[in-house]
There are 2 protein chains.
Amino acid sequence: MRSVLEKIARAEGVDTSFLEEKIRQNRVVVPLNGARKNIERPVAIGEGLTVKVNANIGGSPDITDIVKELKKLRAAVEYGADTVMDLSIGDNWKEVLSAVLENSAVPVGTVPVYAAICRTGSPEELVADDFLDVIRKQGEMGVDFMTIHSGVTRKVIDIYDKKGRTGGIVSRGGKLLYRWMKKNCKENPLYERFDDILDIAREFNITLSLGDGLRPGCIEDASDDPQFAELYELGELTARCRDRKVGVMIEGPGHVPLDKIEENVRKEKEICKGAPFYVLGPLATDVGAGHDHITGAIGGALAAWKGADFLCYLTPAEHLHLPEVEDVYRGVVATKIAAHCADVARGNPRALEADLVMSKARRSLDWSGMEKHAMDPKLVKDAREKYPVKKEKTCTMCGEYCALAD
Amino acid sequence: MRSVLEKIARAEGVDTSFLEEKIRQNRVVVPLNGARKNIERPVAIGEGLTVKVNANIGGSPDITDIVKELKKLRAAVEYGADTVMDLSIGDNWKEVLSAVLENSAVPVGTVPVYAAICRTGSPEELVADDFLDVIRKQGEMGVDFMTIHSGVTRKVIDIYDKKGRTGGIVSRGGKLLYRWMKKNCKENPLYERFDDILDIAREFNITLSLGDGLRPGCIEDASDDPQFAELYELGELTARCRDRKVGVMIEGPGHVPLDKIEENVRKEKEICKGAPFYVLGPLATDVGAGHDHITGAIGGALAAWKGADFLCYLTPAEHLHLPEVEDVYRGVVATKIAAHCADVARGNPRALEADLVMSKARRSLDWSGMEKHAMDPKLVKDAREKYPVKKEKTCTMCGEYCALAD
């Protein structure tokens, strides 16, 4: 672990002792299963570090194609995703996950309830041990972090049932547990058996990412009672993770208007005592389908500037279909840009330096420098080749009247 | 004018009297040349109204293709640009501008110095009357608003020369005037002859958009002395516009980190006494080349939420090449999303309603409703056709496990 921390510290430009101190304070997590010794790009997530980006991959019941999922993995890692989550929800989840773990240079996360579903014909027939078995199995396989929806308690769904909502429950895991609890008239097994989950997490050094099953799925529902009721549950579960020395981060929404994003970050940090905050987007409007990598980048940049630590990407396919490789690429780059904008605004020295060297290259019309320092070097190179110029150092935008040509 | 204001008020969902009052207070402008009676989508820009989006089109010395520029115009207007600016800088500027004016359903803006350049072999040989002649000529042609870089005064460029800068001058108009002033050892003719410009603006009812020739072109230069020295000059020029009853808005940067965007908006509103603020992006990092429609959407959403009134789009081609039609489309949609996110955060009732109807359609898996209410209906439709589903109302993302299918 020491050499992993040194590697991370070097990449972040911080002292290893700083990293260790933050981990001790539970403000930083390092998702790294004990079985995954040779991970190429280990990562730390949390306070005082650069903002990280996760890319979701994985098949669905409608489309499963292991070759394509590995292409998505490669695209995500190539364009700078810090972690990937394999959200496969088909019968072949084990095969896909094995291949992803084998080929991933970065930490891999899962949502174990998706795999649990395959154990029965209908999700409502699952028993608590089905969930636990899958968590253990995926721990053995080497999964570094797992989304666990333990905060969807009866108390929380009672509030949801009473208050109602425009967008309903949009979390796949949250809705599955909601249905299960209503059908079986029982408490959430992931809540009831949380101590057992902690045992497994400790055994394999799995970081828990406490899911927000009641996250708002539209602007109208943002910051409503069910959302925050669940967040309070997550605050209590966070304390239990820490008591057992299990790394924990907290998942956040979802659909949130710009004026409520800072409040969301502040509440998470307060209620969960500084646990790293992992947000999905957030999407600052509901109408962006087809361009939700952009909508998510808008919300994500603001969230991360205000203290969110980890951005789950959205792709142009969000709300429409299972992402293609191209969608993964676009989603990663958009979210990396959002994370980087936040790093710049937070005054991260490496982020500022990255912008500075790019700007110096631009000032001197040094195109190979611009290519090298851009977030997406290949695109800069391709554009340069595709649009030949009349005057060597300028571009076709202004030609000889380039403001920088002097 | 009355019927135009009524049309705008209906589109905005405000009273005509509210609009008239805001115009009287100089907090709202309606760019509309007296010669352009039949404009299909007139627009008002400023306080209390929805955030507007401008799309730049036009050829360059390297590429001039009038057919393509008209395609860009159509794409921009189809996807919801509220105005277009024809930034053509080649010898055929008059031909392109005529065609754009003839075909544009929305207000058209220009930067007259670009056309003035063509009057001589070298920009430094221009005389003051060249600039004035072009402004008059474009006024006669029907241009609704013009970027005028009158704030690039000797005082401002002295500060620039003394302080220096990482990114230099990145405004094409600003740099041209800078070179002219250094070569001719004279004051900026657009400043010296500002009263004559006001006469022409009044004659044709041209709205002046006071350009920011010294805008920062990189994060490192954001909020530096030259930038704000020019803004103070623009504040004085704004007062002169108002004295002469000429509509005026103020252009803003450029490259600005997230933590300085609010300050930029606040300063503009203070120094220019509430004049509408028209920002380019802003870009919240320098490294996004190839994806700068996204970088600009991130900064633009925040700027507009904090009070900017008018967002100039950026396209994926920014910093790389003259935009193609596809780039225009992507730039407009990204910037419309940013503007809409700001409208939602500002609590604009129509924006909130748009999100609500979209969310209700999504909740009930009503795909034709989602298509209708999305920012980009065609893309939703295409995605739906391209990715057939096994279970009718779901999509390939979650298939039968769709959280909303119940």
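A disulfide is taken here as a pair of cysteine sulfur atoms within 2.5 Å. By this criterion, the predicted model contains zero disulfides over all chains. Cys398(A) illustrates the point: the nearest cysteine sulfur belongs to Cys402(A) and lies 6.0 Å away, and Cys398(A) takes part in no disulfide. With a relative accessible area of 17%, Cys398(A) is buried. In chain B, Cys272(B) is likewise in no disulfide, the nearest cysteine sulfur being that of Cys241(B) at 9.9 Å. Cys272(B) is also buried, at 0% relative accessibility.

The surroundings of Thr295(B) were examined next. This residue belongs to helix α13 of chain B, which spans residues 292-305. Thr295(B) has a relative accessibility of 0% and therefore counts as buried. A polar contact of 2.9 Å links the side chain of Thr295(B) to the side chain of Asp292(B). When neighbours within four places in sequence are set aside, the contacts of Thr295(B) include Ile337(A) and Cys341(A) from chain A. Within chain B, Thr295(B) is in contact with Pro282(B), Leu283(B), Ala284(B), Thr285(B) and Gly288(B).

Helix packing was considered for α3 (residues 66-78) and α4 (residues 93-103) of chain B, whose axes are 10 Å apart and form an angle of about 30°. Because angles under 35 degrees count as roughly parallel, α3(B) and α4(B) are assigned to that class. The crossing of α3(B) past α4(B) is right-handed. On the α3(B) side, the residues that meet α4(B) are Ile66(B), Glu69(B), Leu70(B) and Leu73(B). Their counterparts in α4(B) are Glu95(B), Val96(B), Ala99(B), Val100(B) and Asn103(B).

Technical notes
Residues are numbered from 1 along each chain as its sequence is written. Chains are lettered from A and ligands numbered from 1 in the order in which they are written. This is a predicted model: local features need pLDDT of at least 70, side-chain atom pairs count only at pLDDT 80 or more; totals for chains, interfaces and linings use all residues. Side-chain values use heavy atoms; hydrogens and water are left out. Buried means under 20% relative accessible area, exposed over 50%, partly exposed in between (1.4 Å probe, protein chains only). Helices (H or I, at least four residues) and strands (E, at least two) are DSSP runs, numbered from the N terminus. A polar contact is a pair of N or O atoms within 3.5 Å; within protein, one must be able to donate a hydrogen and the other to accept it, and residues adjacent in sequence count only if both atoms are side-chain atoms. Contact means heavy atoms within 4.5 Å. Axes are lines fitted to C-alpha atoms, for helices over the stretch in contact, and angles run from 0 to 180 degrees between N-to-C directions. Angles under 35 degrees count as roughly parallel, over 145 as roughly antiparallel, 65 to 115 as roughly perpendicular and the rest as oblique. A crossing is left-handed if the near helix is turned anticlockwise from the far one by less than a right angle, and right-handed if clockwise.
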